[in-house]
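Thanks for taking a look at this one with me. Below are some notes to read alongside the model, one spot at a time.

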Amino acid sequence: RPEILVTQHRDADGRLFPVEARLSAVAVDGRTRIVMLATALTENLSAQRRLQQQERIFRQVFQASEDAILLLDGDDFIDCNEAAVRMLRCGSKEDILPVPPWGLSPEYQPDGRRSTEKAREMIETAYERHFHRFEWTHTRADGEDFPVEVTLTLLELGGRRILHVVWNDITERKRNERKIEELARYDLLTGLPNRRLLQESAEALLQAGERERRPVGVMYMDLDRFKDINDTQGHETGDQVLSEVAKRLRGCLRQCDTVARLGGDEFAFLLPDTSVGQMQRIAERVIEALEEPFTVRGVSTRLGASIGLVRYPEDGRDLAELLKHADIAMYRAKDGQTGWCLFEPEQASNVLARVSLERELRHAIAERAIGLHFQPIVDATSGTICCLEALARWISPDGRPVTPDVFIPIAESTGLIHPLGDLVREIACEQALRWRRQGFAVPVTVNVSARELQSPDLVERILDTLNRHGLDGPALELEITESATMRNAGQNVANLARLREHGIRIFIDDFGTGYSSLSQLKQLPVDALKVDQSFVRDMVTDPADANIVETIVLLAGAMGLATVAEGIETPEQLRAVRELGCTRVQGYLFARPASAESVTELLKAGRVDIPGTGRAR
């Protein structure tokens with residue numbers, strides 16, 4: 001192969017000039033000789049050689065590029081590289097060159113314009129501006145449409161103005177953009193729309209509703225007891241439950257409806273062209289679907305839901321106002337345990353009062369402005385005081401008493417129940433210590449809420465409170481409602497067993513109103529059952545209630561548990577529970593809840609009056 005060299009030579013006057021030397025090997029008489037052909041490079045010839053060299057470099061770059069490169073003269077392609085052939089999945093460039101630019105594309109682009117019209121416009125723009133870049137959709141030979149980024153650059157070639165066309169396949173980039181868009185608009189855990197997409201959907205839906213005078217329903221939902229699952233079974237289990245919740249919610253809705261996850265365990269629904277009656281039926285379907293147990297890793301868990309319902313345009317002019325009012329109605333449903341509640345304007349003022357009360361309660365807990373009254377639980381025969389139940393009392397800043405049935409639900413729903421419970425146990429232990437120093441070693445009983453029972457560090461907090469006051473376990477007794485105990489019974493058994501190991505006695509409060517089974521009850525490390533006062537109240541006149549009380553007393557006796565009849569107000573009620581074998585009683589007949597000072601006087605007597613027995617203090 002000839003080797004071409006460009007060297008410098010001097011002429012007779014000593015001036016340098018370029019010489020192109022072509023060296024070739026030839027065989028002469030059996031020997032290899034080197035033949036050199038030297039050509040003096042004139043200016044024109046030198047320019048021609050440079051142009052040829054540039055053209056060779058251009059052709060190498062043209063063919064080596066991974067992007068498709070084509071040369072467009074007017075409406076005709078005059079050349080393309082192999083990358084264009086591969087990108088379009090053609091057999092050769094002869095399949096491309098005879099076709100006009102729009103002939104390689106679908107009839108319409110994604111924006112709805114015809115490819116023919118839009119392609120001519122893009123080409124004209126490139127000729128005018130000498131450069132143009134835009135996105136386009138092409139069609140491969142096998143019929144697959146794919147996105148490309150097109151760059152058009154105006155060139156002068158052989159005296160002609162042509163366009164240098166580059167196609168960059170952006171299929172992967174578009175796929176990533178869609179993923180990013182999904183992350184921005186959809187909840188990663190459940191796959192449901194998030195708050196941003198809900199807002200966008202609502203804007204369009206509410207505008208259409210106003211324009212067409214069609215009603216729109218909006219629902220706001222909060223799961224009941226979900227925090228308990230996270231606290232006791234871990235966030236991984238909670239995430240799996242949320243995923244299953246999302247599936248069930250989709251199954252309750254119509255194709256046109258939207259459900260979005262706003263965060264945590266909060267969801268919102270958009271229901272186009274929906275009447276109040278239809279919205280109520282959808283809410284009932286949702287609640288029914290969520291009442292079915294959720295099974296994760298072999299553990300069955302129950303949830304509930306509270307839903308607030310609002311109407312557009314009656315209850316708000318935009319999504320923010322609608323959700324605010326739906327949130328108010330949802331809390332009304334949660335407080336009343338009604339499942340769902342339709343918003344009414346007067347509820348807004350109630351919420352303001354509730355928010356104010358919550359703020360005052362938070363301050364009262366921080367300032368130890370919560371007090372305790374104590375009510376004796378006594379032996380049904382002798383009147384001996386067995387223990388004293390501590391009951392929280394609160395006087396608001398304006399001087400009015402706030403009853404527990406008002407502030408306890410607020411504490412439950414806001415998370416204040418944990419510091420409130422800690423404060424009640426703290427004050428109860430302080431008072432128990434004072435009584436012990438006065439010679440009264442009577443246990444103090446405190447209530448533990450359902451939410452507190454699910455707290456993973458409850459046992460440590462209770463034991464720490466006892467230790468700080470120098471009290472042993474028998475100084476404190478705990479009352480836990482039946483329904484709270486049965487919820488996540490496995491975890492509760494472990495916690496209650498640890499408490500009993502330290503001598504703390506456990507009472508099941510409001511027994512008979514929950515949903516425990518005998519097999520579950522046998523596993524619980526408890527010491528006594530408190531018969532709910534709703535059965536005691538009418539047992540003298542209602543045989544059904546009397547039968548329930550008798551059954552509970554017999555059940556407790558068979559399991560070696562004590563029984564306490566609550567709400568005793570008349571001698572007839574006392575006589576009836578004693579005849580059935582109830583061992584302890586509590587109620588206004590013996591003593592009303594009173595301050596520690598008043599109860600101290602009872603402790604000095606050691607017992608209370610038992611009507612009908614002749615026993616006195």
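**Notes on a predicted model**

1. Let's begin with a side-chain pair: S92 and E94 are joined by a polar contact of 3.0 Å. A polar contact here is a pair of N or O atoms within 3.5 Å; within protein, one must be able to donate a hydrogen and the other to accept it, and residues adjacent in sequence count only if both atoms are side-chain atoms. S92 sits in the loop between α2 (82-88) and α3. Helices (H or I, at least four residues) and strands (E, at least two) are DSSP runs, numbered from the N terminus. With a relative accessible area of 28%, S92 is partly exposed. That label covers values between buried, under 20% relative accessible area, and exposed, over 50% (1.4 Å probe, protein chains only).

2. A word on how to read the values. This is a predicted model, in which local features need pLDDT of at least 70 and side-chain atom pairs count only at pLDDT 80 or more, while totals for chains, interfaces and linings use all residues. Residues are numbered from 1 along each chain as its sequence is written, and side-chain values use heavy atoms, with hydrogens and water left out.

3. Please also look at R89, in the loop between α2 and α3. R89 has a positive phi of about 55 degrees although it is not a glycine. Its relative accessible area is 42%, so R89 is partly exposed. R368 can be read alongside it: phi of R368 is near 55 degrees, again a positive value in a residue other than glycine. R368 belongs to the loop between α10 (346-366) and β16, and is partly exposed at 41%. As background, most residues other than glycine have a negative phi, and most peptide bonds are trans.

4. Where is the cis peptide bond? It runs from Y312 to P313, with omega near 10 degrees. P313 is in the loop between β14 (304-312) and α9 (319-336).

5. Now to the empty space inside. Rolling a probe the size of a water molecule over the atoms shows where empty space is left. The structure holds one cavity of 30 Å³ or more, and the largest cavity has a volume of about 150 Å³. A cavity is a set of points, on a 1 Å grid over the protein atoms alone, where a 1.4 Å probe fits but cannot get out; lining residues have an atom within 4 Å of a point. Grid points are joined across faces, edges and corners, and a volume is the space filled by probe spheres set on the points.

6. What lines the largest cavity? There are 14 lining residues, and P101, F134, V150, L152 and W167 lie nearest its centre. At least two residues of the lining come from each of α3 (115-129), β6 (131-139), β7 (145-157) and β8 (160-169). By class, 13 lining residues are nonpolar, one is polar and none is charged. Here Ala, Val, Leu, Ile, Met, Phe, Trp, Tyr, Cys and Pro count as nonpolar, Asp, Glu, Lys and Arg as charged, and the others, Gly among them, as polar.

7. Helix α21 (residues 596-605) has the buried residues A596, V599, T600, L602 and L603. Seen down the axis of α21, these fall within an arc of 160 degrees, so they line one face of the helix. The arc is that of the directions from the helix axis to the C-beta atoms. On the other side of α21, E597 and K604 are exposed. The buried residues pack against β16 (370-379), β17 (385-395) and α12 (417-437), with contact meaning heavy atoms within 4.5 Å. Just after α21 comes G606, with a positive phi of about 85 degrees.

8. H469 is worth a stop in the loop between α14 (458-468) and β20 (476-481). H469 is buried, with a relative accessible area of 12%, and its side chain reaches the backbone oxygen of T465 at 2.8 Å. Not counting residues up to four places away in sequence, H469 touches E426, C429, E430 and L433.

9. R248, in helix α7 (residues 235-252), counts as buried at 17% relative accessibility. R584, in strand β24 (residues 584-585), counts as buried at 18%. Leaving aside neighbours within four places in sequence, R248 is in contact with A289, L290, E292, P293 and F294. Not counting residues up to four places away in sequence, R584 touches several residues, including I377, C386, R505 and F507.

Terms used. On a 1 Å grid over the protein atoms alone, a cavity is a set of points where a 1.4 Å probe fits but cannot get out, and a pocket is an open set with protein on both sides within 12 Å along at least five of seven lines; lining residues have an atom within 4 Å of a point.
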